[in-house]
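Subject: Structure handover and findings

Hello,

Here is the structure I promised to pass on. Please open it first, then read the notes below.

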Amino acid sequence: MCKLCETNPVYEFTNKRKLCERCFINYFNKKFLLGIRKYHMISKGDKIYYFESKNFKTEVLKKILNFFKSKFEIEILKIKNKEEFLKILKKENKNKKKIKLVLNSSIDSESQWFLDKIVYGKTDRLNNLLPVFESQIKPLYLFLDEEILLYGKLNNFFSNNNYKERDTHTKRINQFLNELEKSHPEVKRAVINSLLKIENKK
Ligand SMILES: [Zn+2]
């Protein structure tokens with residue numbers, strides 16, 4: 001950690017650890033690569049498809065993947081929707097394992113979906129919420145929305161700086177989680193950890 005951290009922090013973790021701009025970007029890049037390795041998300045020669053959207057998470061995902069493109073030796077391609085992806089998957093049947101759909105899911109979105117499914121008793125399809133499921137990969141899985149937004153801003157990824165950390169889900173679950181997080185920091189992370197534990201035991 002550099003000397004500047006204490007005097008010029010841009011981010012503070014719930015355990016009060018502070019990071020300066022440079023250290024925060026380093027932390028993000030390392031964790032991003034670690035997650036990809038840990039969950040075997042990407043391998044050499046993969047074709048990675050993404051949906052274009054105005055969401056800040058998609059913007060960050062696109063830019064960071066492009067940044068590491070030559071390191072991974074991958075192709076990054078834009079598609080309109082899931083139907084288009086399924087068509088490509090069918091066409092490339094032989095190379096199926098090399099075709100991936102990248103999603104912008106984060107701790108926030110997945111913890112919300114997880115609680116939502118539990119509350120409404122739809123626990124049969126939880127594996128949809130894992131970092132990797134069939135052709136789907138989620139490289140931002142281990143990050144909070146606020147971390148993703150800050151990373152994008154520090155790197156000048158956004159052409160208009162109007163991106164705000166906004167809720168992807170308007171459901172009541174979301175409000176409930178955000179309230180809970182205020183009095184119990186790390187609750188979203190804890191939800192994701194318990195999801196990973198349940199699915200690993202299956
Ligand atoms: Zn620093």
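One caution before the details. This is a predicted model.

**Confidence**

The protein chain has a mean pLDDT of 87. In that chain, 92% of the residues reach 70 or more. Confidence is highest in strand β5 (residues 99–102), with a mean of 97. Helix α7 (residues 172–183) is where confidence is lowest, at a mean of 76.

Most residues other than glycine have a negative phi. Two residues are worth a look on that score.

- Lys16 is not a glycine, yet its phi is positive, at about 75 degrees. Lys16 sits in the loop between β1 (9–12) and β2 (18–20).
- Glu73 also carries a positive phi, near 55 degrees, and is a residue other than glycine. Glu73 is in the loop between α3 (69–72) and β4 (75–79). Is Glu73 buried or exposed? Glu73 counts as exposed, because it has 11 C-beta neighbours inside 10 Å.

A packed pair of helices is described by an angle and a distance between the axes. Two pairs involving α6 follow.

Start with α1 and α6. Helix α1 covers residues 21–38, and helix α6 covers residues 145–154. They pack at about 120 degrees. Their axes are 10 Å apart. Angles from 65 to 115 degrees would count as roughly perpendicular, and those over 145 as roughly antiparallel. The pair α1 and α6 is therefore oblique. The crossing of α1 past α6 is left-handed.

Which residues of α1 and α6 meet? On the α1 side they are Glu21, Phe24, Ile25 and Phe28. On the α6 side they are Glu147, Leu150, Tyr151 and Leu154. By class, this contact of α1 with α6 has 6 nonpolar and 2 charged residues, and no polar ones.

Now α2 and α6. Helix α2 (residues 56–67) packs on α6 at about 60 degrees, with the axes 9 Å apart. Angles under 35 degrees would be roughly parallel. The α2 and α6 pair is therefore oblique to each other. Here too the crossing is left-handed, with α2 passing α6. From α2, the contact uses Phe56, Lys57, Glu59 and Val60. From α6, it uses Ile148, Leu149, Tyr151 and Gly152. The contact of α2 with α6 divides into 5 nonpolar, 1 polar and 2 charged residues.

Note Tyr151. It is listed in the contact with α1, and it is listed in the contact with α2.

Phe24 belongs to helix α1. Phe24 has 19 C-beta neighbours inside 10 Å, so it counts as partly exposed. The cut-off for buried is 20 or more. Not counting residues up to four places away in sequence, Phe24 touches Val10, Tyr11, Leu19, Leu150 and Leu154. Phe24 and Tyr151 are 127 residues apart in sequence, but their C-alpha atoms are 7.8 Å apart.

Phe13 is in the loop between β1 and β2. Phe13 is partly exposed, because 13 other C-beta atoms lie within 10 Å.

Phe72 lies in helix α3. Phe72 has 18 other C-beta atoms within 10 Å and is therefore partly exposed. Leaving out residues up to four places away in sequence, Phe72 touches Ile42 and Lys44. From Phe72 to Tyr49 the C-alpha distance is 15 Å, at 23 residues apart in sequence.

Phe51 is placed in strand β3 (residues 47–51). With 17 C-beta neighbours inside 10 Å, Phe51 is partly exposed. Beyond its neighbours within four places in sequence, Phe51 is in contact with Ile79 and Asn81. The C-alpha atoms of Phe51 and Asp108 are 19 Å apart, and the two are 57 residues apart along the chain.

Best wishes

Terms used
Residues are numbered from 1 along each chain as its sequence is written. This is a predicted model: local features need pLDDT of at least 70, side-chain atom pairs count only at pLDDT 80 or more; totals for chains, interfaces and linings use all residues. Axes are lines fitted to C-alpha atoms, for helices over the stretch in contact, and angles run from 0 to 180 degrees between N-to-C directions. Helices (H or I, at least four residues) and strands (E, at least two) are DSSP runs, numbered from the N terminus. A crossing is left-handed if the near helix is turned anticlockwise from the far one by less than a right angle, and right-handed if clockwise. Two residues are in contact if their C-beta atoms, placed from the backbone, lie within 7 Å. Ala, Val, Leu, Ile, Met, Phe, Trp, Tyr, Cys and Pro count as nonpolar, Asp, Glu, Lys and Arg as charged, and the others, Gly among them, as polar. A residue is buried if 20 or more other C-beta atoms lie within 10 Å of its own, exposed if 12 or fewer, and partly exposed in between; C-beta atoms are placed from the backbone. pLDDT is the predictor's confidence in each residue, from 0 to 100.
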